[in-house]
Amino acid sequence: YTALVELNVQQAAKDMEKVLDVSLSQIAEDESLTLPQDPPSYPLFSKQFLRLHGRDLFGCSASWFLVDVVFYSSNLFQSKVYGKYLGKKYESNVYEDAIHVALFQAIVAICSTIPGYWFTVYFIDRIGRRKIQMMGFLIMALVYFAIGIPYTSHWQHHINKGFMVLYGLTFFFANFGPNTTTFIVPAELFPARFRSTCHGISGATGKVGAIIGAVGFGWASHGQKEDPKAVKILLVILGGVCLLGLAVTYFFTPETKGRSLEENEE
């Protein structure tokens, strides 16, 4: 940002010297600090920005929106799963019940959510961001259909270990998938002067999806009384949302693996 936006190469070199522990002479030989001959000056709200980056911004925002619809709905659904899977084996008040739900959520996180992140850390520069995001959306969709379609006929009465494994896979492939890549790609895709703004727009769009997911879950759960048919519809809809996320990623999200941030300035 200092070099490419503020056009202060000397200060950028000094900053690099401190952070990278290299000498100014080494930095001076690095061509990456060479400024563009004619730095572009078009603003965010312009036809040129829309032409050059509008497609990328739509892809980042839409995929973040869609994954948050799914991820936040699924997180809220944990309390219902807890009540059905563990049942009421003991008398408890509302505070103890909250602790037990939190413990259950922690176990799910340890077994699925956190490992999903580490799989992404290991494979992201081997497989690529785009492929991981597509894979995550696809497998999440298949799992939601496997849970949702037979929910009223089977899972409603038999929330067992098989259900828990499938349910855990949605969190594993959310994090070994779009819940991680959606906040990485916007940070690697835009020129320095727009990077934070475009990342913020994408993230804000995702939070709109989170609100919609929470409202949808509230509709399906009807407060304390669960409507099995509504839950089935919600789970199938979540599967459809994942397929839509797969399509958005395929058609609108470019691969940023191995791409230098300086390439975005060209």
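Student: Is Trp64 buried or exposed?
Tutor: Trp64 counts as buried, at 9% relative accessibility. Buried means under 20% relative accessible area, exposed over 50%, and partly exposed in between, with a 1.4 Å probe and protein chains only. Please note that this is a predicted model, in which local features need pLDDT of at least 70 and side-chain atom pairs count only at pLDDT 80 or more, while totals for chains, interfaces and linings use all residues. Residues are numbered from 1 along each chain as its sequence is written, and side-chain values use heavy atoms, with hydrogens and water left out.

Student: Where does Trp64 lie, and what does it touch?
Tutor: Trp64 lies in helix 3. Not counting residues up to four places away in sequence, Trp64 touches Thr182, Phe183, Pro186, His199, Ser202, Gly203, Gly206 and Lys207. Contact here means heavy atoms within 4.5 Å. Helices (H or I, at least four residues) and strands (E, at least two) are DSSP runs, numbered from the N terminus.

Student: How far is Trp64 from Thr180?
Tutor: Trp64 and Thr180 are 9.7 Å apart in space, C-alpha to C-alpha, and 116 residues apart in sequence.

Student: What else touches Thr180?
Tutor: Asn175 does; leaving aside residues up to four places away in sequence, Asn175 touches Phe71, Thr113, Gly116, Tyr117, Thr120 and Thr180. Asn175 is found in helix 8 (residues 161-175) and counts as buried at 0% relative accessibility.

Student: What about the fold overall: how many helices and strands?
Tutor: The protein chain has eleven helices and zero strands. Buried residues make up 42% of its 266 residues. Among contacts between residues at least 6 apart in sequence, 81% join residues at least 24 apart.

Student: Which residues does UniProt list as transmembrane region?
Tutor: The unreviewed UniProt entry lists residues 57-78, 98-120, 132-152, 164-185 and 233-252 under "transmembrane region". UniProt positions are given in the numbering used here, feature names are shortened, and annotations may be inferred rather than shown by experiment.

Student: How much of residues 98-120 is helix in the model?
Tutor: Residues 98-120 are 100% helix and 0% strand, with end C-alpha atoms 31 Å apart. Residues 233-252 are also 100% helix and 0% strand, and their end C-alpha atoms lie 28 Å apart.

Student: Switching to charges, how many salt bridges are there?
Tutor: The structure holds three salt bridges, each being a side-chain nitrogen of Lys or Arg within 4 Å of a carboxyl oxygen of Asp or Glu. In one of them, Asp68 pairs with Lys207, with the closest N and O atoms 2.8 Å apart. Asp68 lies in helix 3 (residues 47-76) and Lys207 in helix 10 (residues 192-221), so the pair ties together parts that are 139 residues apart in sequence.

Student: Are those two buried or exposed?
Tutor: Asp68 is buried, with a relative accessible area of 1%, whereas Lys207 counts as partly exposed at 38%.

Student: Which partners does Arg129 have?
Tutor: Arg129 forms a salt bridge with Asp125, the closest N and O atoms being 2.6 Å apart, and another with Glu188 at 2.9 Å, N to O. Glu188 lies in helix 9 (residues 178-189) and Arg129 in helix 6 (residues 129-148), so this pair ties together parts that are 59 residues apart in sequence. Salt bridges that share partners join Asp125, Arg129 and Glu188 into one network. Both Glu188 and Arg129 are buried, while Asp125 is exposed, with a relative accessible area of 51%.

Student: How many disulfides, then?
Tutor: The count comes to zero disulfides, a disulfide being a pair of cysteine sulfur atoms within 2.5 Å.

Student: Finally, which residues make the nonpolar surface patch?
Tutor: Ile110, Ile114, Tyr117, Trp118, Val121 and Phe183 make a nonpolar surface patch of about 620 Å². Patches are made of residues with over 30% relative accessible area and no salt bridge; like charges are joined within 9 Å, and nonpolar side chains (Val, Leu, Ile, Met, Phe, Trp, Tyr) within 5 Å. Accessible areas come from the Shrake-Rupley method with a 1.4 Å probe, and for residues only the protein chains shown count as cover. Helix 5 (residues 94-127) gives the most to the patch, with five residues. Phe183 lies in helix 9 and is partly exposed, at 34% relative accessible area.
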